[in-house]
Amino acid sequence: MIDHKSVSRREFIQTGTVGAAALGAAATFLSAPAPAQAVGANQRLRIGFIGPGGRGLSGHVIPLCKLRKDGAPIELVAVNDVYDINAQTAIDTITKSTGVAPKR
């Protein structure tokens, strides 16, 4: 434990200056530009649905189908649900909207 009364004002300022310089150097390192990526990498998002059910259908599947139809770079590629009717409803919705049937 450091006794606060034993640290002089000069020592405190010197320590703070060194800390600020180190923080500045770290910020410069962390803000360096990212390496170049391969062309086309991360240009689209592939989405699968697990257990869409009723809420997932209206809250996720249908809005994402609309985004896809509007030109968003997404693919709705897979559906899985323990209830066959929920999975089939989501598959039918995606197929009707995008023209591509997702995997089950």
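The model is predicted, so local features need pLDDT of at least 70 and side-chain atom pairs count only at pLDDT 80 or more, while totals for chains, interfaces and linings use all residues. Residues are numbered from 1 along each chain as its sequence is written, and side-chain values use heavy atoms, with hydrogens and water left out.

The structure holds 4 salt bridges; the term means a side-chain nitrogen of Lys or Arg within 4 Å of a carboxyl oxygen of Asp or Glu. The table shows some of them, including the pair Arg44 and Glu75.

| Salt bridge | N to O distance |
|---|---|
| Arg44 and Glu75 | 2.7 Å |
| Glu75 and Arg46 | 3.3 Å |
| Asp84 and Arg104 | 2.7 Å |

Let's start with Glu75. Its partner Arg44 lies in the loop between helix H1 (9–30) and strand S1 (45–50), and Glu75 lies in strand S2 (residues 74–80), so this pair ties together parts 31 residues apart in sequence. Helices (H or I, at least four residues) and strands (E, at least two) are DSSP runs, numbered from the N terminus. Glu75 also bridges to Arg46. Arg46 is in strand S1, so that pair links parts 29 residues apart in sequence. Shared partners join Arg44, Arg46 and Glu75 into one network.

How open are these residues? Buried means under 20% relative accessible area, exposed over 50%, and partly exposed in between (1.4 Å probe, protein chains only). Arg44 is exposed at 52%, Arg46 is exposed at 52%, and Glu75 is partly exposed at 22%.

Then there's Asp84, which meets Arg104 in a salt bridge. Asp84 lies in helix H3 (residues 84–98) and Arg104 in the segment after H3, so the pair ties together parts 20 residues apart in sequence. Both Asp84 and Arg104 are exposed.
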